[in-house]
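Morning, everyone. Please have a look at the structure before I start.

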Amino acid sequence: TRSHIIDPRTGWALTSSAAAAVIAPDGATADALASALCVMGEEGIELIKELPYTEGSLWSGGNKALEACATKGLRQMMAASPPGSSLDKLCSPFEQR
């Protein structure tokens, strides 16, 4: 299956399974950054870390177990993580915000 998100590097829709959540100063920014996280993967967390008043998380699966990573601030805001995943650890190498 293909995603509605287009990878600008290839011009094709994403085929990997990913979901992102972003908290930003406004909805348009949050939506754009969530799409960017789905394309960029873990590297996108580094981008989110650099933006003021912005936090984010990424869940990816595909053919393997669900993996999750998030900025430290968002982990602190979340009461519960998705079943089968753990936001208790950050994706490496982003151990500290």
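First, the ground rules. This is a predicted model, where local features need pLDDT of at least 70, side-chain atom pairs count only at pLDDT 80 or more, and totals for chains, interfaces and linings use all residues. Residues are numbered from 1 along each chain as its sequence is written, and side-chain values use heavy atoms, with hydrogens and water left out.

Helices here are DSSP runs of H or I, at least four residues; strands are runs of E, at least two; both are numbered from the N terminus. Take H1, residues 27–40, and H2, residues 43–50: their axes come within 7 Å and cross at roughly 145 degrees. Axes are lines fitted to C-alpha atoms, for helices over the stretch in contact, and angles run from 0 to 180 degrees between N-to-C directions.

Who makes the contact, meaning heavy atoms within 4.5 Å? From H1, Leu33, Leu37 and Met40; from H2, Glu43, Gly44, Ile45, Leu47 and Ile48.

Which of its residues are buried? Gly44, Ile45 and Ile48. Buried means under 20% relative accessible area, exposed over 50%, partly exposed in between, with a 1.4 Å probe and protein chains only. The buried residues pack against H1 and strands S3 (18–23), S4 (55–60) and S5 (67–70). The face of H2 turned away from that buried side carries exposed Glu43 and Glu50.

Last, proline 52. The loop between H2 and S4 holds this residue. Proline 52 counts as exposed because its relative accessibility is 55%. Its C-alpha is 8.4 Å from that of alanine 24, 28 residues apart along the chain.

Note on methods: Contact = heavy atoms within 4.5 Å.
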